[in-house]
Amino acid sequence: MRTDPLTTVRNLGILAHVDAGKTTVTERILYATGTTHRRGEVHDGTTVTDFDPQERDRGITIFSAAVSCAWQGHRINLIDTPGHVDFADEVERSLRVLDGAVAVFDAVAGVEPQSEAVWRQADRHGVPRIAFVNKMDRPGARLDDAVASLRGRLHPAPLAVQFPIGAEDTFTGVVDLLRMRALTWTDEGEARDPGPVPDELREETHRRRRLLEETVAELHPRALEEFCAAGSLGTGTLESALRDLTRSGDAVVVLCGSAYRNRGIEPLLDAVLAYLPSPLDVPPVRGTDDDGRERERAADRSAPLAALAFKVTATATGRLTYLRLYAGTIEKGDTVWDATARRTERIGRILRVRADRHAPLDRAVAGDIVAVVGPKSARAGSTLCAPDDPLLLEPPGVAEPVVSVAVEASRGTDTGRLAAALARIAEEDPSLVVRTDPETGQTVLSGMGELHLEVAVEKIRREHGMGVGVGRPRVSHRETVARGVSGFVYRHVKQDGGAGQFAHVVLDVEPLPSAESGFTFRSTVTGGRVPQEYVRAVEAGCRDALAEGPLGGDPVTGLRVTLTGGSTHVKDSSDTAFRTAGRLGLRDALRACGMVRLEPVVEVSVTVPEDAVGGVLGDLAARRGRVTGSVTRAGATVVTATVPLAELFGYATRLRSRTRGRGTFTGRPTGYAPAPPR
C-alpha cells in the first residue's frame with residue numbers, strides 16, 4: 001500500500017518568551033538538518049531567520065520567518081515567531097496555519113509571562129505542542145523546576161522523556177527514557193553514538209521511567225490495559241501513547257538541552273516527527289461557500305484549491321504572499337479566486353521559503369507553506385481558492401491597538417511618500433492602524449506597544465530614506481457603564497417634505513459582569529410592537545453608538561442593552577429610522593448612565609539584583625503599579641506587578657539607570673482597569 005506523501009510533512013512553529021533561545025533553537029535545527037553549514041548566532045547578527053536589519057541590531061525576533069528543511073525523509077516547514085509581547089499578533093497569524101509547535105522554555109526562569117501568553121494562543125487554535133527546556137548549561141538550571149512551573153501554570157500533564165546528564169557547565173547530554181540510553185555530545189556540539197546509561201544514573205533512570213509509564217497509563221486507555229496486564233509498558237506502546245496524548249492535547253512531551261552548545265537538537269527533531277501531527281492528522285479545514293453553507297475540505301492534493309494567506313511582505317523583487325495550502329494544488333500561471341476580495345488573481349511564481357532566500361517551485365500541494373508572487377489584492381487572512389469551487393476560510397483574529405503616536409514627515413514635500421509608506425506597512429501588518437485625527441488633522445499610527453510603533457517608524461526611515469517626526473505615545477482608553485438606566489425612551493421623528501422617519505424605542509442599559517467585556521444586545525419586545533427586522537436595525541444602531549463614549553469619545557465596552565419596548569408608524573418606519581433611533585437613543589442613554597473611563601494595564605515581571613529591589617518597588621508604586629508577588633532565584637529577585645500601560649513609556653531606560661544596567665522587565669497586556677479622573 002502506497003503511503004500518502006503528506007504523512008512526511010510537518011508544519012510547526014517555535015514559540016517562546018523573549019530570550020528563551022527560540023531563534024537559536026531554529027538555527028541549530030537548520031544546522032542539524034544540513035540546511036546551513038555554519039551555526040548562526042543571535043549576538044553576532046548571523047542568524048538565518050532574524051535577517052531584518054532591525055532584528056540584528058536589537059537581538060530579538062520581530063517578524064515571523066518561515067524556513068523549510070528536511071530530517072529523516074520528512075519535510076519540516078518551520079516558522080520562527082517573535083517572543084516579545086508587542087508582536088503577539090505575528091504569533092497569532094502564524095498559529096492559524098500551523099499543525100504543531102515546539103514551546104521553548106528557559107531552564108532557569110521556567111514559564112515566563114510571554115511563554116504563558118503564546119501557550120494560551122496555541123490553546124485557542126488547538127495546536128499540539130511539545131516542550132523543549134533550553135539553556136540546561138546555565139547556572140541554576142533545573143529540569144524538574146521547569147517541569148513543575150509548566151505543570152503549575154500551563155498544563156497538568158507535562159511528561160519528561162529525558163533528564164540531563166550533568167548540570168550547569170558540566171551538562172554533556174541527556175538520558176533517553178524511552179530507549180533507556182545515554183545521548184551525549186562533544187564540546188564542539190557534535191553528537192556521539194548513543195551509549196549505555198552511566199552506572200551512577202541507572203537507579204534514577206529506572207525510577208523516572210517507571211513514573212513516566214505510570215503517568216501515561218493513567219491518561220491513555222490502551223496503555224493502561226498493557227500496564228495492568230504486564231506491569232510495565234513497552235517502548236512501542238509508550239511512544240504510540242505519547243503521540244496520541246500530544247495530538248489530543250492531553251499531555252505535553254518535555255525534552256531538554258542547550259541550543260547554544262548544540263546539545264539536544266537531534267532528539268528534538270526526532271520528537272517532532274514522532275509526536276507532532278502531519279497535515280493528514282489534523283481535522284479538515286472548514287469554510288463557507290458562496291451560499292453561506294459551512295463545508296469541509298480535506299488535505300488532498302487532488303481536491304479543489306483552498307489556501308490561506310497569513311503574511312504579506314514587500315521585497316525588492318516584488319510583493320510576496322505567504323500561503324498555507326490546505327487542499328488542492330497550485331502551479332505557476334494558475335488563475336485563482338481571492339474569496340475575500342472577490343476577484344481573480346494570477347500566480348506568477350511559487351517559492352520555497354528560507355527566511356529571506358527563496359527557491360523557485362513549479363507547483364505547491366496541500367500541506368505546503370510557500371510564498372507566491374502575483375496576487376495584488378491578497379492580505380493577511382485572505383483565502384485563495386479554486387474559481388469553480390470557492391470556499392472562504394476563517395481569517396486569523398486581529399488584536400485591537402493599544403498605543404498611538406502622531407507621525408509626520410520632516411519635510412513637507414515627503415508627506416505623500418509618508419502616506420504611501422504607512423499604507424504599505426499597515427498592509428503588511430494588520431495590527432498597525434493608520435488614521436487621521438478628525439480634530440487635529442494629524443496622521444496617527446496605532447499598534448500593540450511602544451516597541452511595535454518604534455520598529456514600524458524605523459522601518460519607514462530605513463526603507464524609504466525619509467525623516468519622520470513622532471509625537472509622544474498615547475494609550476487607547478475605553479469607557480464602560482458603572483451604573484445603568486432602565487426604561488430610557490427615545491423617539492426619532494423626522495419630516496422634511498418627502499417620506500418621513502419614525503422610530504420609537506425603549507432601552508435598558510446595564511453593565512456586564514466585571515469579568516466580561518464587549519457588548520451584548522437582546523430584545524424582550526412581545527406582540528410584534530417592533531418587528532424583527534427593525535430589532536436588528538436597532539442593534540446595528542447601538543453598535544454604531546459604541547464608537548464614541550460620552551466621557552472622552554473613546555470606544556464603549558462592557559455593557560448589555562435590552563430593547564424592552566417601542567412602536568412603529570405604518571408609513572414612516574424603516575430600517576434606517578430604527579437604526580438611527582438605536583444610535584441616537586443609546587448615545588443619550590449613555591449620557592444618563594454612570595460611566596467610567598478605562599485604561600489598558602500590563603502585568604510586568606521585573607528582574608533585578610537583590611540590592612536594587614527597594615528602589616524598583618518604590619518606582620513601581622510611583623507609576624501606580626500594584627505589586628502582586630516576588631520570588632528570588634539564582635541571585636536575582638523577580639517582582640510581578642500590574643501597571644497602567646501609560647506609566648511604562650520609557651520604563652526600560654529608567655530601570656537600567658536604577659539598576660546600573662542589571663535590571664530587565666517584560667510585560668503582557670491583561671485588559672483594562674478604571675483610570676483616575678482627568
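Reader: Which element of the protein has the lowest mean pLDDT, and which the highest?

Author: In this predicted model, helix H2 (residues 53–58) has the lowest mean pLDDT among the elements, at 66, whereas strand S10 (residues 252–256) has the highest, at 97. The protein as a whole averages a pLDDT of 88, and 94% of the residues score at least 70. Where pLDDT is low, the predicted coordinates should not be read in detail.

Reader: Why is Val161 called buried?

Author: Its relative accessibility is 4%, and buried means under 20%, so Val161 counts as buried. Val161 lies in the loop between S6 and strand S7 (162–165). Leaving aside neighbours within four places in sequence, Val161 is in contact with Val175, Asp176, Leu177, Leu178, Leu212, Leu242, Val253, Val254 and Leu255. The C-alpha atoms of Val161 and Val174, 13 residues apart along the chain, are separated by 9.7 Å.

Reader: And why is Thr436 called exposed?

Author: The relative accessible area of Thr436 is 52%, and exposed means over 50%, so Thr436 is called exposed. Thr436 has its place in strand S25 (residues 433–436), and, neighbours within four places in sequence aside, Thr436 is in contact with Gly441 and Gln442. Between the C-alpha atoms of Thr436 and Ala406, 30 residues apart along the chain, the separation is 9.2 Å.

Reader: Which strands stand at the edges of the sheet of seven strands, and why are they edge strands?

Author: The seven strands form an open sheet in the order S2-S3-S1-S4-S5-S10-S6, with mixed pairing. Strand S2 (65–71) and strand S6 (158–160) stand at the edges, because each has a single partner strand, so that one side of each is left without a neighbour in the sheet. From one strand to the next, the twist averages 30°. Within this sheet, strand S4 (residues 100–106) and strand S5 (residues 129–134) pair in the parallel sense over six bridges, and the bridge partner of Phe105 in S5 is Val133.

Reader: How do you know that strand S11 and strand S12 pair?

Author: Two strands pair if at least two bridges are found between them, and strand S11 (residues 285–288) and strand S12 (residues 294–297) have four, in the antiparallel sense, so they count as paired. In S12, Glu296 is the bridge partner of Arg286. S11 and S12 form a hairpin with five residues between them, and Gly292 in the turn has a positive phi of about 80°.

Reader: What makes S30 and strand S32 edge strands in the sheet of four strands?

Author: That open sheet has the order S30-S31-S33-S32, with mixed pairing. S30 and strand S32 (519–523) each have a single partner strand, so one side of each is left without a neighbour in the sheet, and both stand at the edges. The twist averages 25° from one strand to the next. S32 and S33 run parallel and are joined by five bridges, and Arg522 has Thr562 as its bridge partner in S33. H12 packs on the sheet, touching S31, S32 and S33, and its direction makes about 155° with that of S32. H13 also packs on the sheet, touching S30, S31 and S33, with a direction at about 40° to that of S31.

Reader: How does the span of helix H13 compare with the span expected at 1.5 Å a residue, and what do its buried residues pack against?

Author: Helix H13 (residues 575–592) has 18 residues and reaches 25 Å from its first C-alpha to its last, which is close to the expected 26 Å. Its buried residues include Ala577, Phe578, Leu584 and Leu590. The buried residues of H13 pack against several elements, among them strand S29 (478–483), helix H12 (532–545) and strand S34 (594–609).

Definitions and conventions:
Residues are numbered from 1 along each chain as its sequence is written. This is a predicted model: local features need pLDDT of at least 70, side-chain atom pairs count only at pLDDT 80 or more; totals for chains, interfaces and linings use all residues. Side-chain values use heavy atoms; hydrogens and water are left out. Helices (H or I, at least four residues) and strands (E, at least two) are DSSP runs, numbered from the N terminus. Buried means under 20% relative accessible area, exposed over 50%, partly exposed in between (1.4 Å probe, protein chains only). Contact means heavy atoms within 4.5 Å. Axes are lines fitted to C-alpha atoms, for helices over the stretch in contact, and angles run from 0 to 180 degrees between N-to-C directions. pLDDT is the predictor's confidence in each residue, from 0 to 100. The expected span of a helix is 1.5 Å times one less than its number of residues.
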